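Hello,

Here is the structure I promised to pass on to you.

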Amino acid sequence: MEPLTWTGSLDFLNPIFIALIFICAALVAAYMVASVFAPEAQTTVNPDGTLSVSPSLLTLVTSALKYGFLAIITVLLAYLIGGMFLGLNAGIIGAMSQQFVPVWISLVVLFVLSITYKRRLGLYGKLFDSTVGMIGFALVMFWVFTGLFGAFDMIVTHDALTQVSGMKNKVPGTPMRGADEGDFPYYLLGGDNLARDVFSRMVKGCLIVVLIAPLATLFAFMVGITLGLPAGYYGGRLDTILSFTANLILAFPVILLFYLLVTPEIRATGLPQYMASILFIFPLVFLTVLLNSRFYTQPGFRTPLLIAVLGMGGWIYLSLISEVGSKVHVIPGFADLFDLDGGILTVFVSVVFVNSPTVFRIVRGLTMDIKTRDYVAAAQTRGEGAWYIMLWEILPNARGPLIVDFCLRIGYATILLGTLGFFGLGLEPESPNWGNTINEGRKLLSIYLHPAIVPALSLLSLVLGLNLLADGLREESLKD
Amino acid sequence: MILTALCLTFIVFWLTNLYPNLEKLAKTQGNFRMSDEAVASWLETRGYLQSTPKKYAEWLGVVPSYRATDSEGDVIGRCIQPGIAAEDSPSYCGILQGYWGWSTVFKEPVADIVSLRLGLTGKLMFWVLLVMVPTALLVGILAGMREGSVTDRTLSTFAITTTATPEYVSGVILIAVFSSSAVGLKWFKGSATSAMETVTFENFTLPVITIALYGMGYVARMTRASMAEVMTAQYIRTARLKGVSFRNIVMKHALRNALIAPFTVIMLQFPWLLNGVVIVETLFNYKGFGWVLVQAAGNNDIELLLGVSVVSVIVVLVTQLISDIGYVYLNPRISVS
């Protein structure tokens, strides 16, 4: 079999695409030079009292750019849609596009639904008013869906860990040697230095990232909020102590901290598990206080609710931290809901640990600002409890900056995960997560690009998506 | 600040002196097949099994260091260096006396290694700052000058992209494009090992750009925000109504006020640069401070790791201090009283 080319039968689009990109780049450069030197658009008042702007060079270039970008997007869509139907005939990109069909469908459904009902969806709906936010959201959801479907083996073409002889370091589009009837006949993005399929590893690695990064960020937020609210609200000695601790952790260079926390020797002491037992209790405390302060006046409803939440949460908490045969072994094996691999737990804990002080500082600052408002004073006069004011008066009003920071922080957590993988810390070496793959691929980088470039670009696009999403959200939340 | 430094070094000290680390140290220094009792006695004679605060005080140099007689009857201890008799060596030896310990990986005094490697990293940082700061300010000012224009959007997209690209991603992409034989440009070298002796354009461009890119995006965005805010201020409008040309407004009126915020940001970037340095030095095999950190941590070289942590913690704290002082100095509205 012939090796696949990148675009296959859609080759005729390539010259158009390249030409468009060059034209747009030239236009942008021209605009930048022109905007410094060219005169501004002249506004003249007409005799009938209307204003008219004489068309200047700049406005012309701007509109040309708009059409240029639209054309580029059209060609890109043509590659993807053509690939969806032509499959292998449309080369590597086409074949990948066909593999991603479930993702495309989910994305289209999600966007159509969201845009139709955007006026009823609050801040999430407003996101669809901003182009930047939509692009970011699309990028993020693309990887989320890829991770989810990849978990059910829907997108992958081969097993992420199987090594196929003769496929070592093969370039993208190489036909698979000795492929059976049911096998996918190509290595779409080539093979890595252990002859595994780069494309499938990228898809599988995605799940680890889109699972751990948001969860770790969520936990960091719980910790930061639970400590930051009282620190900002009460102030005084509590604030001093907590701020000092936060600054202490922040002054640590992150990599040093990772090297100190994530080594196998430290794991043997059970230190990460002890830290997990402390850090993971904060979400429980947060939920309990949240519900208790809300339903304090209706004991009949509150007590069963709290028992249910605490019971479930406590069980999950205990199964998270306890592991048979390690230092923290609280509950017997049969009651253990799931066994987290020690490596993942350590990575998780260190990412939470590094992120929570920053969240703490943000929440503390916001709380100190908001507690001077009138509605807080009103609640105090009503005789509401301190925790009710913090969680149900202050926190909802601090949500805007917190949501924006949440998106940015997921991106940061993704970068941290990659850093850990890059130094070979934490997860086991054959794990397909992007950081590890980049680390392995970089050793042969000057000869074989694809094993390192593919996960690098994936990570870049995910983090970029999160940053754009945060930008869009910030823009939209500032508009009210 | 001193309290913070003490706390931080104590935490590092405690983490590096946990028993599994010591056990590994004993095995690498002594014999890999040591029994548990042998490990314990090896550690005992060298004073590793004292309580952590006492060991920490010894390491700091406020308590006389531990001494013991080993099986051959010689007096051994932390202060007694090879070739010097026990009676002649000082009884206090710690950071305060200028003794940083002995690296087990490099077989050299820690102070020498740290100062040598710090010099190499200093060279790298100098070039990084030289590239990063002017570019970031220029990009930020150009973007913030006219909010919402095509220039602004292009440059902002560029800035966001660079902040979303961690060093290990941009480094890999840059190496792939500019130095691999697969693409074939081969403009620069993918390794900066030779840059330790002589810096050339060819061997130092990629590492410098890799670090500079990540920090640059953030500084540029801050500059843009600050510039955009200044451009909407009253006095700019006044100047505009007076008929001052746009170029003069930007150069004479807006620029100075817009540069206060980025200064703090640049200073606070130092801890992040430190992070980037570790990644880039590993990626490009430039044997500087970050490389030493990785070596020390990877090979369980306790005293070297402690030395490295002390230096990095001090760097972080000092830059925080400078940024506070500089902010007060630059901004006339804030005064210390």
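Let me start with the charged side chains. Counted over all chains, there are 15 salt bridges. Please keep in mind that this is a predicted model.

One of the salt bridges joins A:Lys204 to A:Asp153, with N and O 2.9 Å apart. A:Lys204 belongs to helix H7 of chain A, while A:Asp153 sits in the loop between helix H6 and strand E3, so this pair ties together parts that are 51 residues apart in sequence. A:Lys204 has a relative accessibility of 23%, so it counts as partly exposed.

Another salt bridge forms between A:Glu440 and A:Arg196, whose closest N and O atoms are 3.2 Å apart. Here the two partners are 244 residues apart: A:Glu440 is in helix H18, and A:Arg196 is in the loop between strand E4 and H7. Are these two residues buried or exposed? Both A:Glu440 and A:Arg196 are buried. They also take part in a network of salt bridges with A:Asp192 and A:Arg201.

A:Glu384 and A:Arg382 meet in a salt bridge as well, at 3.1 Å from N to O. A:Glu384 is partly exposed at 29%, and A:Arg382 is exposed at 51% relative accessibility.

Now for a helix. H17 of chain A runs over residues 399-422, and at 1.5 Å a residue its 24 residues should span 34 Å; the end C-alpha atoms are 34 Å apart, which agrees. Of those 24 residues, 19 are buried, so H17(A) is largely enclosed by the rest of the structure. Just after this helix, A:Gly424 has a positive phi of about 65°.

Best wishes

Conventions
Residues numbered from 1 in each chain as written. Chains lettered and ligands numbered in written order. Predicted model: local features only at pLDDT ≥ 70, side-chain atom pairs only at ≥ 80, totals over all residues. Heavy atoms only, no water. Helix = DSSP H or I, 4+ residues; strand = E, 2+ residues; numbered from the N terminus. Expected span 1.5 Å × (residues − 1). Buried < 20%, exposed > 50% of the residue type's maximum accessible area, 1.4 Å probe, protein only. Salt bridge = Lys/Arg side-chain N within 4 Å of Asp/Glu carboxyl O.
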